[in-house]
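Here is a quick walk through one protein model, written for someone who likes cut-offs spelled out. Have a look at the structure before reading on.

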Amino acid sequence: MSTILFVCLGNICRSPLAEGIFREKLKQHSLDGDFHLDSAAIKGYHVGKSPDKRAMMMAKINEYDISNLRAREITVSDFEKFDLIIGMDKKNIESLKDISPLIYHYKIKLMLDDYAPSLGLSELADPYKGNLNDFQTTIDHLEIACENLLKEFLEL
């Protein structure tokens, strides 16, 4: 079983969207039993809370369900537990490397840079202070990255 952790600053927008989108892509390929997915925050601002209402609404419009997810803060043990830890922006990556024991740095990847280079963006913009169009753009970018992430696993 492969284990993947998606990480953003507060775990209420980008990382739960990434988890929900990738989970749906796995279901579409009957692979959901082969993976353990989770998402986490760099900072515990929203621990125990549901994703942002706009994220849940836009996810639902795009036929993803993230309503059952709850924010949590990343722990040092996550670096041992997960095979792959995907940060949404460069600041997340820096924070992950600061928290992580050096031996696990190879597990840390940047979502768009590593899985959607065709977009020409290295970072997934945070829609939190934006509008619904910003959330849709986030979903559009995550769909491309998650599709490429899935292709990578299918090629193994």
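First, the ground rules. This is a predicted model, in which local features need pLDDT of at least 70 and side-chain atom pairs count only at pLDDT 80 or more, while totals for chains, interfaces and linings use all residues. Residues are numbered from 1 along each chain as its sequence is written, and side-chain values use heavy atoms, with hydrogens and water left out.

Let's start with Ser39, which sits in strand E2 (residues 35-41). Helices (H or I, at least four residues) and strands (E, at least two) are DSSP runs, numbered from the N terminus. Ser39 is buried, at 2% relative accessible area; buried means under 20%, exposed over 50% and partly exposed in between, using a 1.4 Å probe and protein chains only. Its side chain makes a polar contact of 3.0 Å with that of Asn11 and one of 2.8 Å with that of Glu19. A polar contact here is a pair of N or O atoms within 3.5 Å; within protein, one must be able to donate a hydrogen and the other to accept it, and residues adjacent in sequence count only if both atoms are side-chain atoms. Leaving aside residues up to four places away in sequence, Ser39 also touches others, among them Leu5, Phe6 and Arg72, where contact means heavy atoms within 4.5 Å.

Asn11 turns up again in the lining of the largest pocket, along with residues including Cys8, Tyr45, Asp126 and Lys129. On a 1 Å grid over the protein atoms alone, a pocket is an open set of points where a 1.4 Å probe fits, with protein on both sides within 12 Å along at least five of seven lines; lining residues have an atom within 4 Å of a point. The largest pocket holds about 180 Å³ of space, the volume being the space filled by probe spheres set on the points, which are joined across faces, edges and corners.

Now for the helices. In H2 (residues 53-61), Ala55, Met58 and Ala59 are buried. They fall within an arc of 105 degrees seen down the axis of H2, so they line one face; the arc is that of the directions from the helix axis to the C-beta atoms. Helices H1 (14-28) and H6 (132-155) are among what covers them. H4 (residues 90-99) buries Asn92, Ile93 and Leu96. These cover an arc of only 100 degrees, which puts them on the same side of H4. They pack against strand E1 (2-8), H1, H3, strand E3 (84-87) and strand E4 (108-110). As background, an α-helix has 3.6 residues a turn, so residues three or four places apart point the same way.

| Helix | Exposed, other side | Side-chain oxygen to backbone nitrogen at the start |
|---|---|---|
| H2 | Lys53, Lys60, Ile61 | Asp52 to Arg54, within 2.7 Å |
| H4 | Lys91, Glu94, Asp98 | Asp89 to Lys91, within 3.1 Å |

Which phi values stand out in the loops? Ser30 has a positive phi near 55 degrees without being a glycine. Ser30 lies in the loop between H1 and E2 and is exposed, at 63%. Glu63 is no glycine either, yet has a positive phi of about 70 degrees.
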